Amino acid sequence: MTQSSNLAAVPQFSQLTIQGEDAEKFLQGQLTCDVTKLGLSYQAAAIGNLKGRIEFGIWIKKQAEKHYDVVISSDCAESLQAHLNKYGAFSKFETSAPAAVYPCVLSNEPTFSHKDDHNTAEDTQAWMACSLATGNYWIVAATQGEFQPQELRLHQRGGMDYDKGCYLGQEVIARIYFKSAPKAFLHYVQGTGETPNAGDKLDKIQVVNAMKNDDGFTALVVARPEQLAESDLSILDLPAALQVDVARPK
């Protein structure tokens, strides 16, 4: 078991604005979701690597025509900006510098706000608790390239589109979806003892995110069901849409 601290990292987030003539076309060739279907609410999505794993876990919304707002863990913001500059070198769009954005819960949903009123420890704790309970994982620098989108149930949250055409890692992701299924996948659990950090392994169970509570910790983990059955972790209920089989519906 990886050694951890009771002071698991408190998440911080940044927002980048992407706007310009080619913004939609460029993002469509990068993201796992269908950019043409985005609206004013944040949609969880990802940018994969060539191995079909999540390099950047993001939330994105269409703020206006040819104008998109992207939220990412602050420790990944600089590398995301470098990625956008590299792959978008010949596309007509501009990317803003990362700006702070604050996690909060509004209408019982984890989301983000620019208001200073939401820049509080209480808001962040509420966001973390709500995110864990709803499967709203967040990728940090320590977990970049660790997880395949289907393992994290991103397809069950509207963050994957298998009909939109090519994007980074699409061939691997589609092959897993259409020809097989992940054997390990996202679960919401309660544990005792020290709070693990993102990316830690509890034997063969990998932690995605975790937070301390009065009884130990709650966490999102990727594991095989039989591994959880053999562990000391208690499985908690995710929302009904995330309780179904991760495999493609037959």
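Okay, quick definition before anything else: helices here are DSSP runs of H or I with at least four residues, strands are runs of E with at least two, and both are numbered from the N terminus. With that in hand, N119 sits in the loop between strand 7 (109–113) and helix 3 (121–134).

Some housekeeping. This is a predicted model, so local features need pLDDT of at least 70 and side-chain atom pairs count only at pLDDT 80 or more, while totals for chains, interfaces and linings use all residues. Residues are numbered from 1 along each chain as its sequence is written, and side-chain values use heavy atoms, with hydrogens and water left out.

Back to N119. Is that residue buried, partly exposed or exposed? Buried means under 20% relative accessible area, exposed means over 50%, and partly exposed is in between, with a 1.4 Å probe and protein chains only. N119 comes out at 47%, so partly exposed.

Now let's zoom out. The protein chain has 5 helices and 12 strands. The radius of gyration is 18 Å, close to the 18 Å from the globule rule for 250 residues, so the chain is as compact as a globular protein of that length. That radius is over C-alpha atoms, and the rule is 2.2 Å times the number of residues to the power 0.38. The C-alpha trace spans about 55 × 45 × 30 Å along its principal axes, and 52% of the 250 residues count as buried.

Contacts next, meaning heavy atoms within 4.5 Å. Taking those between residues at least 6 apart in sequence, 65% join residues at least 24 apart.

For a local example, take T218 in strand 11 (residues 216–223). T218 is buried, because its relative accessibility is 9%.

Last topic, the cysteines. How many disulfides does a search of the whole structure find? The count is 0, where a disulfide is a pair of cysteine sulfur atoms within 2.5 Å. C130 is in no disulfide either, and the nearest cysteine sulfur, that of C104, is 10 Å away. C76 counts as buried because its relative accessibility is 1%, and C130 is buried too, at 16%.

That's it from me.
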